[in-house]
Amino acid sequence: MSDNRRFHLAKRPEGVPSTDTFDLREVDRPDPGPGEALVRVLYLSVDPYMRDRMRAGESYADPWEVGDPLRGGAVCEVVESNGAGFEPGDTVVGNLPWAEYATASGSDLTPVDTGGLPVSTALGVLGMPGRTAYFGTREVAEPKADDWMVVSGAAGAVGSVVGQLGELQGANVVGIAGSDEKCEWLTDDLGFTAAMNYKEEDVGARLDEVADGVDVYYDNVGGPVTDAVWGRLNVDARVAVCGQIALYNDEELPTGPRKLGKLVEARARVEGLLVRDFAPRFREATEHLAGLVAAGDLQYRETVTEGIENAPDAFLGLFEGENVGKQVVKVAETGE
């Protein structure tokens with residue numbers, strides 16, 4: 001009997017994906033081959049970059065083929081090990097199919113040690129988003145004391161950590177988010193200097209009110225929000241381009257860029273980043289972030305969707321701004 005559910009790419013979406021983009025199949029639980037482990041998935045990560053893998057064009061990650069299993073970060077419990085270097089009951093994290101059970105090479109799995117925090121944080125503040133924030137802030141954005149630092153997508157998994165790291169460096173952090181509730185969280189709980197709801201406010205006009213130009217821009221969204229920030233870059237500004245979620249569903253990108261002249265005036269630096277480039281230093285980031293959380297200097301939130309069958313809804317909700325902090329899908333009970 002089939003005793004495993006797994007999502008596959010049903011078709012390539014045109015524009016915004018819909019539920020018929022996803023195909024939930026009943027499949028057999030796989031057997032681990034030599035050097036592999038069979039794992040039970042506890043939590044799945046859904047992330048905006050996955051939209052880019054649904055299209056056929058070239059990108060920094062290979063596209064999924066129609067019919068392929070969808071894949072992403074997952075926290076799992078080892079059920080059986082066939083020389084994978086783990087014992088049954090071990091908690092591990094890896095890049096795995098959206099499934100209830102999966103197999104993976106032991107070399108592709110990493111032990112989870114969250115220092116007493118929920119294991120789901122291995123997909124959030126202590127995982128890929130947290131590391132992206134850590135390296136993007138430290139190595140690319142480089143906020144300094146008294147800088148005016150603007151973060152788009154500021155209430156998301158990456159942006160919320162970026163802003164707090166900037167505040168710890170002494171910067172004045174302005175967050176851009178998509179609801180009043182999110183803006184209140186940024187200022188009241190996370191200590192941002194100011195926040196604005198881009199759906200209700202004129203971003204450019206609001207920036208003129210609260211900030212003295214922009215010394216650092218950490219861009220998670222692109223589109224009109226970035227257009228508004230661009231014209232306010234100060235001399236020697238740094239722009240870290242981390243994501244462009246506002247454009248991921250566009251079938252045709254706007255013609256451009258037409259705003260590069262501002263870089264001449266501001267002598268600004270624009271640099272993109274991929275967290276995988278810092279893989280040899282992942283432990284450094286995780287340990288630093290865990291220390292900040294333990295000390296009460298770094299806060300995080302998770303939006304948890306229950307049930308693997310609801311993973312598409314959790315993913316689609318990212319593009320509607322439904323999540324606060326990291327969006328994860330709880331697939332199985334963890335015993336925590």
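Trainee: Why is Glu142 called partly exposed?

Mentor: In this predicted model, Glu142 has a relative accessible area of 36%, and since buried means under 20% and exposed over 50%, with partly exposed in between, Glu142 is therefore placed in the partly exposed class. Glu142 sits in the loop between helix H1 (128-141) and strand E8 (148-152).

Trainee: What makes the phi of Glu142 worth a remark?

Mentor: Most residues other than glycine have a negative phi, whereas Glu142, which is not a glycine, has a positive phi of about 50 degrees. Arg267 also has a positive phi of about 50 degrees without being a glycine, and Arg267 belongs to the loop between helix H6 (261-266) and strand E13 (269-272).

Trainee: How do you know whether Arg267 counts as buried or exposed?

Mentor: The relative accessibility of Arg267 is 53%, and the exposed class begins over 50%, so Arg267 counts as exposed.

Trainee: Why is Glu287 called exposed?

Mentor: Glu287, which is found in helix H7 (residues 282-294), has a relative accessible area of 51%, and because exposed means over 50%, Glu287 is assigned to that class. Glu287 and Leu126 are 161 residues apart in sequence, yet their C-alpha atoms are 8.2 Å apart in space.

Trainee: Which residues have the most contacts inside the largest nonpolar core?

Mentor: They are Leu186 and Tyr218, in a core of 36 residues. Among the elements that give two or more residues to this core are H1, E8 and H7, and H1 gives the most, with five residues. Leaving aside residues up to four places away in sequence, Leu186 touches several residues, including Gly175, Ala177 and Phe192.

Conventions
Residues are numbered from 1 along each chain as its sequence is written. This is a predicted model: local features need pLDDT of at least 70, side-chain atom pairs count only at pLDDT 80 or more; totals for chains, interfaces and linings use all residues. Side-chain values use heavy atoms; hydrogens and water are left out. Helices (H or I, at least four residues) and strands (E, at least two) are DSSP runs, numbered from the N terminus. Buried means under 20% relative accessible area, exposed over 50%, partly exposed in between (1.4 Å probe, protein chains only). A nonpolar core is a set of buried Ala, Val, Leu, Ile, Met, Phe, Trp, Tyr and Cys residues joined through side-chain atoms within 4.5 Å. Contact means heavy atoms within 4.5 Å.
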